[in-house]
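User: I am new to this structure, and I would like to learn how to read its features step by step. Could you take me through them with care?

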Amino acid sequence: MSRNAASDSLLQTCGGLDLQIDCEMCTLRPLNRARASNRYCDWLNDDEVNKFSQRLGQLHTAEEVWAYIESANASADTLLLGIFDLTTGAHIGNIQLKFYDHANGLADLSTLIGERDFWGRGYAKDVWKHIVHFGFSVIGVRKFTMGNSAGNKAASGKTLYVGAKLESTKRQHVLVGGEYQDVLEYGLFAADFYAKFPELKAAPAATSARVNDDPTHHG
Ligand SMILES: CC(C)(COP(=O)(O)OP(=O)(O)OC[C@H]1O[C@@H](n2cnc3c(N)ncnc32)[C@H](O)[C@@H]1OP(=O)(O)O)[C@@H](O)C(=O)NCCC(=O)NCCS
């Protein structure tokens, strides 16, 4: 991926609002007011969803959510995509790729599946498989880094699933439910990822949205 202007946002260089990454159980698409679930703000204020997050206990407003989406879409290093269930079309959560160190080719990933009915069904693994492929093959990420508190078993599960390896343990690092928990830091190289998913190596990482598939399409 090459940037033509210093002012290009990462989203623009990836295809703008028309970007669509097809997964097996869902599609990933940039967010705007028309696409984002009205429940997005509720996810951020849900104690169970944020059990392992530093967000726990903070209250968020809808206006903050819109401002966050706009700022991510304009950012040079952040790609914020909604996760849309393939069967129902519902916006069930978000995945964010942050290309935080261009000089060293480093990016991290964070996932929020806000609709709890969709937990434990393989959505995070599906999303990670396809966003990691997009990151390596389209954005030019050299290495992904990611971390989670040790008690967040589902977060570790999806990270190990894509081939990431544990690189460090920060002992008793974050306060979760009144107790300090270790933070597990993982790293992922393309060689380890494609060894797990060799079929993706030659596969296209994204398709453009079908024209006029929603009222927000502006060509
Ligand atoms: C963490 C989160 C992204 C996981 O998403 P998910 O779609 O439920 O995860 P998946 O169904 O793809 O499962 C991933 C792995 O975790 C395991 N898993 C899922 N839920 C689990 C649970 N409650 N306890 C233990 N393991 C669990 C799965 O079995 C799978 O591992 P496996 O391949 O070894 O079987 C989701 O729960 C979430 O968004 N939580 C709130 C925000 C959050 O914690 N984000 C991560 C911050 S680092």
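Analyst: Let us begin with Gln-172, which has its place in strand β7 (residues 165–176), where strands (E, at least two residues) and helices (H or I, at least four) are DSSP runs numbered from the N terminus. Residues are numbered from 1 along each chain as its sequence is written. The model is predicted, so that local features need pLDDT of at least 70 and side-chain atom pairs count only at pLDDT 80 or more, while totals for chains, interfaces and linings use all residues.

User: What is the phi of Gln-172, and is Gln-172 buried or exposed?

Analyst: As a general idea, most residues other than glycine have a negative phi. Gln-172 is not a glycine, and yet its phi is positive, at about 40°. Gln-172 is exposed because 12 other C-beta atoms lie within 10 Å, given that a residue is exposed if 12 or fewer other C-beta atoms, placed from the backbone, lie within 10 Å of its own, buried if 20 or more do, and partly exposed in between.

User: How should I read the largest nonpolar core, and which residues have the most contacts inside it?

Analyst: In soluble globular proteins, nonpolar side chains tend to be buried together. A nonpolar core is a set of buried Ala, Val, Leu, Ile, Met, Phe, Trp, Tyr and Cys residues joined through C-beta atoms within 7 Å. Here the largest one has 45 residues, and Val-127 and Ile-131 have the most contacts inside it; its largest share, eight residues, comes from α4. Leaving aside neighbours within four places in sequence, Val-127 is in contact (C-beta atoms, placed from the backbone, within 7 Å) with Cys-23, Cys-26, Leu-28, Ile-83, Ile-95 and Thr-111.

User: At what angle do α4 and α5 pack?

Analyst: Axes are lines fitted to C-alpha atoms, for helices over the stretch in contact, and angles run from 0 to 180 degrees between N-to-C directions. For α4 and α5 the angle is about 35°, and their axes are 9 Å apart. The contact is made by Ala-124, Lys-125 and Trp-128 of α4 together with Ala-154, Lys-158 and Tyr-161 of α5.

User: How many residues surround the ligand, and which element gives the largest share of the shell?

Analyst: The ligand is surrounded by 21 residues, the closest being Ile-113, Ala-124, Lys-153, Ala-154 and Gly-157. Two or more residues of the shell come from each of β5 (106–113), α4 (123–139) and α5 (153–161), and the largest share, six residues, comes from α5.

Note on methods: A residue is near a molecule or strand if its C-beta atom, placed from the backbone, lies within 6 Å of it. Two residues are in contact if their C-beta atoms, placed from the backbone, lie within 7 Å.
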